[in-house]
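The following is a tutorial dialogue on reading the features of a structure. Please keep the sequence and the coordinates at hand.

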Amino acid sequence: MSTAMNDKQEDDTPVVAAIDDAATMSPMIQLENTTMSDGEKDECSIDTIRPPHPFTTASLLSKLLFIWPYSFMDQKKWSGTGSNDESLDNHDTVKPFILESDLPDCLKADSSEENFRQFQEMWEAEKRRAAKVMEQHILKQKKNKSNNRAIPRTAYPSLHRALVRDFMSTLWFVQPFMCASSTARLVQAVALGYLLQSFEVDDVNGGGYLWAGILVLSGFVVLMEHHHVFFWTWRRGMQYRISSIAAIYDKSLRLNSMSSVIQSSTSKGSTKVDGKASDKASATSGQIVNIATNDVERFLLATLFASYLFWAPVQSMAILGLGWWVIGWSFAAGFGILLLFFVPLQLWLSKRFAIMRSKIASITDKRVTLVSQAVSGVRV
């Protein structure tokens with residue numbers, strides 16, 4: 001992936017959107033063979049001006065409670081799912097399908113052009129950072145008059161590092177919400193315990209109502225955090241996916257048309273340059289298609305659960321302290337068994353899963369390459 005931004009020409013090929021910019025398309029769209037009039041065909045033309053996205057004009061309350069998508073998701077408006085009489089009476093006004101002119105315009109932050117531009121800026125910043133590290137390393141070698149020092153790994157540009165830095169800088173506002181959610185979950189457990197205790201004794205002071213209110217309030221905090229954090233992190237993962245596909249497509253437009261034939265004829269995806277093996281351009285067409293279709297989907301899950309790499313241990317330590325304070329050493333013993341047994345088991349299973357995924361990916365690459373070669377042969 002990191003090589004997708006290297007060897008960039010001065011006059012770049014215009015980026016063709018790899019994903020339809022209508023990312024907000026509702027799943028209620030019915031793909032039916034409906035006869036359309038000439039006027040309706042004109043409305044579905046490419047030059048149709050779409051209405052503005054409802055998110056741009058939504059109020060704070062609408063964004064907080066996710067009310068803004070309902071203007072588009074109204075089933076009565078598209079399929080006539082109201083009362084039978086109303087559907088029959090308004091048969092001419094109710095449209096049985098969604099036209100392209102009905103789809104809201106794509107937000108600029110979600111467009112492939114904007115995300116590809118940000119991807120380029122992110123990668124160029126990573127290359128400048130790596131160049132600085134390399135320059136400092138060379139100066140230290142000249143100062144110490146030694147050439148035996150190994151080049152640090154940070155001196156090479158890394159797409160992983162660039163993505164992590166961009167994720168932390170763009171989604172920093174999500175972390176306070178996750179902190180509030182972790183705290184609310186702990187408070188829920190304590191409030192539930194005290195609420196159950198209030199049923200066993202005569203509660204004349206109304207303490208049970210207090211703990212019930214705290215329990216409901218904590219549940220509300222968890223509910224709001226869950227949906228908003230998932231919305232923003234999933235959206236950021238979608239933007240990473242779009243930018244990566246646009247980078248792959250932009251690079252593929254500038255590749256030699258015979259490169260896939262040369263690469264597929266070499267073993268293990270390596271090419272020979274001046275009699276020496278080289279892995280610089282060893283990607284076959286099957287690998288490129290597999291990356292652009294399957295691998296980029298991992299961005300969605302990665303951005304969704306990346307924050308839990310920090311908050312899961314913090315929350316575990318908080319649970320351990322709270323359980324020790326409430327129950328005692330017995331809770332610590334059970335928690336220790338959980339850490340000593342299930343955590344190594346999860347690590348082992350994850351490694352085995354990664355090995356199996358790599359084998360599946362290589363098999364998929366070969367299959368896609370063979371299919372593309374067969375299609376090319378049929379065309380000839």
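Predicted model: local features only at pLDDT ≥ 70, side-chain atom pairs only at ≥ 80, totals over all residues.

Q: How many salt bridges does a search of the whole structure find?
A: Side chains of opposite charge can pair when their charged atoms come close. The criterion is a side-chain nitrogen of Lys or Arg within 4 Å of a carboxyl oxygen of Asp or Glu. The search of the whole structure returns nine salt bridges.

Q: Which parts does the pair of R235 and D110 tie together?
A: The closest N and O atoms of R235 and D110 are 3.1 Å apart in their salt bridge. R235 belongs to helix α8 (residues 207-252) and D110 to the loop between α4 (84-89) and α5 (112-144), so the pair ties together parts that are 125 residues apart in sequence. Helices here are DSSP runs (H or I, at least four residues), numbered from the N terminus.

Q: Are R235 and D110 buried or exposed?
A: Relative accessible area decides: buried means under 20%, exposed over 50%, and partly exposed in between (1.4 Å probe, protein chains only). R235 and D110 are both buried.

Q: Where are E121 and R117 in relation to each other?
A: They are four residues apart in helix α5, separated by about one helical turn. E121 is partly exposed at 45% relative accessible area, and R117 is partly exposed at 35%. Together with E114, these two residues are linked in a network of salt bridges.

Q: What are the relative accessible areas of R254 and D250?
A: R254 is buried at 17%, and D250 is buried at 4%. The side chains of R254 and D250 meet in a salt bridge with an N to O distance of 3.0 Å.

Q: How many aromatic pairs does the count come to?
A: Rings of Phe, Tyr and Trp (its six-membered ring) pair if their centres lie within 6.5 Å; planes under 30 degrees apart count as stacked, over 60 as edge-to-face and the rest as tilted. The count comes to 16 aromatic pairs. One of them joins F305 and Y308, a tilted pair at 6.0 Å centre to centre with 40° between the planes. F305 is partly exposed at 42% relative accessibility, and Y308 is partly exposed at 29%.

Q: Which residues do ring pairs link into a cluster?
A: The cluster consists of F55, F66, W68, W172, F173, F231 and W232.

Q: Which charged ends sit over the ring of F55?
A: A charge sits over a ring if NZ of Lys or CZ of Arg is within 6 Å of the ring centre and within 35 degrees of the ring normal. The charged end of K63 is 4.6 Å from the centre of the F55 ring, and that of R235 is 5.9 Å from this centre.

Q: Which residues in the largest nonpolar core touch the most other members?
A: In soluble globular proteins, nonpolar side chains tend to be buried together. A nonpolar core is a set of buried Ala, Val, Leu, Ile, Met, Phe, Trp, Tyr and Cys residues joined through side-chain atoms within 4.5 Å. The largest core has 19 residues, of which M122, L159 and L163 touch the most other members. The elements giving two or more residues to this core are α5, α6 (159-170), α7 and α8. Helix α8 provides the largest share, five residues.

Definitions and conventions: Residues numbered from 1 in each chain as written. Heavy atoms only, no water.
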